[in-house]
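Good morning. I have one structure to go through today, so please look at it while I talk.

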Amino acid sequence: MKGFRAATMLYRKGTQDRLHGVHVDTIVVDENEVDTYLDDGWYRTPAEAGKEEHAAGSRSMFDDIAERLHAIDAEEARLIAMREDLDRRHADLAAAEAAAASKKAEKPQKQQAAAAQS
């Protein structure tokens, strides 16, 4: 094992130890390597590792809720479009039925008019 000029203990979420109410893994690194380990997800204190755990959980819960809301909005838009299509088709059908009824009603009138002229 090589010696450290200035040893620094770092923490990340894990299962090795429970410190200050947070389950963490620990590592001891030389002071000049600290920034590299911080970039890789290690923290200077167990509290920072615990806060990141809660923040990450909150973000994923928020992302899940946002995704569900987006899906609901998409489904609502799809249902609205279907309803508008059904309303349009119903109006077209009603207009066609009215036109057919009108033609049916005109036919006897034309026959009576033709019979009256003869």
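Where is the place of T8? T8 sits in strand 1, which covers residues 7-19.

Now the outline. The protein has 2 helices and 2 strands. Starting at the N terminus, the order of elements is β-β-α-α. The protein has 118 residues, and buried residues make up 13% of them. Its accessible surface is about 9600 Å², and carbon and sulfur atoms account for 55% of that. As for contacts between residues at least 6 apart in sequence, 41% of them join residues at least 24 apart.

Back to T8. Is T8 buried or exposed? Its relative accessible area is 18%, and the cut-off for buried is under 20%, so T8 counts as buried. What does T8 touch, leaving out residues up to four places away in sequence? The list is I27, V28, V29, E31 and V34. Strand 2 covers residues 22-30, and I27 is one of the residues on that list.

That brings me to the two strands. Strand 1 and strand 2 pair in the antiparallel sense, over 10 bridges. Y11 stands opposite T26 in strand 2. K13 has V24 as its bridge partner, again in strand 2. In a regular strand, side chains alternate between the two faces of the sheet. The strands form a hairpin with 2 residues between them, and H20 there takes a positive phi near 55°.

Y43 lies in the loop between helix 1, residues 34-39, and helix 2, residues 46-117.

Next, helix 2. I65 is found in this helix. Together with L69 and I72, I65 makes a nonpolar surface patch of about 290 Å². I65 itself is partly exposed, at 44% relative accessibility.

How many salt bridges does the count come to? The count is 5, and I will take three of these pairs.

Start with D87 and R83. They form a salt bridge in which the closest N and O atoms are 3.3 Å apart. The two residues are 4 apart in helix 2, so about one helical turn separates them. D87 is partly exposed at 39% relative accessibility. R83, at 53%, counts as exposed, because the cut-off for exposed is over 50%.

The second pair is D85 with R88. Here the closest N and O atoms are 2.5 Å apart. These residues are 3 apart in helix 2, and that spacing is again about one helical turn. Both partners are partly exposed: D85 has a relative accessible area of 26%, and R88 is at 44%.

What does R88 meet in a salt bridge at 3.4 Å, N to O? The partner is D92. D92 and R88 are 4 residues apart in helix 2, so they too are separated by about one helical turn. D92 is partly exposed, at 45% relative accessibility. Salt bridges that share partners join D85, R88, R89 and D92 into one network.

To recap, strand 1 and strand 2 pair in the antiparallel sense, with T8 buried in the former. Y43 is in the loop between the two helices. Helix 2 holds I65 of the nonpolar patch, and the D87 and R83 pair is also in helix 2. Again, the model is predicted. That is the end of my part.

Notes. Residues numbered from 1 in each chain as written. Predicted model: local features only at pLDDT ≥ 70, side-chain atom pairs only at ≥ 80, totals over all residues. Heavy atoms only, no water. Buried < 20%, exposed > 50% of the residue type's maximum accessible area, 1.4 Å probe, protein only. Contact = heavy atoms within 4.5 Å. Areas by Shrake-Rupley, 256 points an atom, 1.4 Å probe, with all protein chains shown as cover. Patch = residues over 30% accessible without salt bridge, like charges linked within 9 Å, V, L, I, M, F, W, Y side chains within 5 Å. Salt bridge = Lys/Arg side-chain N within 4 Å of Asp/Glu carboxyl O. Pairing = 2+ DSSP bridges.
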